[in-house]
Amino acid sequence: MIRHSLSALLLAAGLSACAATSGPAAPDTYRAISITETPCFGFCPAYTITVTPDDRYVLEARSHTQTQGRTTGALDTGSFARMTAVLEREDAAGLPVSVSRTDEDTCPLWHTDAPGYELSITRMDGRQDVSWYRGCSGHPAIDRLERISEALRAQYDYDTLIAVER
């Protein structure tokens with residue numbers, strides 16, 4: 001009886017381990033996430049923030065930000081894992097390389113007073129860069145990019161680290 005219970009327990013543990021490894025990419029496949037926002041004709045913050053799996057960040061603040069220059073620090077525990085969950089949920093791996101006003105296919109309509117957004121995702125198997133001109137409209141990926149941008153901002157505490165008081 002004990003032998004059967006032990007076998008059943010080991011089988012269940014093995015099956016649960018298999019179930020945990022299938023599906024979306026595990027957070028440990030991610031090495032870094034960098035977000036760059038470029039200036040606009042107004043007061044849009046211009047910065048690059050890079051976050052690593054240990055929830056550490058490097059912020060290069062250029063203009064219209066809380067501070068200027070390079071700062072480093074730690075985000076809340078689990079911030080990086082939540083960021084990778086956003087990328088998985090929004091299928092970031094399937095995003096186009098560029099949504100830009102220089103290409104009518106990716107940006108059929110655009111206006112000029114908008115910042116740029118660059119997302120760089122470093123995984124164990126390489127790096128993916130996505131460049132998005134926020135003035136573009138009409139591209140099917142824009143809604144996903146907006147959701148990704150807002151969800152990632154919440155994880156790297158945009159309102160405290162970057163945005164100036166409004």
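In this predicted model, the side chains of E90 and R147 meet in a salt bridge, with 2.9 Å from N to O. E90 belongs to the loop between helix 2 and strand 5, whereas R147 is part of helix 3, so the pair ties together parts that are 57 residues apart in sequence. E90 is buried, at a relative accessible area of 9%; R147 is partly exposed, at 43%.

The whole structure contains six salt bridges. Another of them joins E37 to R153, whose closest N and O atoms are 2.8 Å apart. Because E37 lies in strand 1 and R153 in helix 3, this pair connects parts separated by 116 residues in sequence. Both E37 and R153 are buried, and together with E150 they are linked in a network of salt bridges.

Leaving aside residues up to four places away in sequence, I148 touches V86, L87, E90, A92, L95, Y117 and L119.

Strands 7 and 8 run antiparallel and are joined by eight bridges, with a hairpin of two residues connecting them. Within this pairing, S120 has D129 of strand 8 as its bridge partner. D129 also forms a salt bridge with R127, at 2.9 Å between the closest N and O atoms. D129 is partly exposed, at 36% relative accessible area, while R127 counts as exposed, at 58%. Strand 8 pairs with strand 5 as well, in the parallel sense, over two bridges, and there V99 stands opposite W132.

Key. Residues numbered from 1 in each chain as written. Predicted model: local features only at pLDDT ≥ 70, side-chain atom pairs only at ≥ 80, totals over all residues. Heavy atoms only, no water. Contact = heavy atoms within 4.5 Å. Pairing = 2+ DSSP bridges. Helix = DSSP H or I, 4+ residues; strand = E, 2+ residues; numbered from the N terminus. Salt bridge = Lys/Arg side-chain N within 4 Å of Asp/Glu carboxyl O. Buried < 20%, exposed > 50% of the residue type's maximum accessible area, 1.4 Å probe, protein only.
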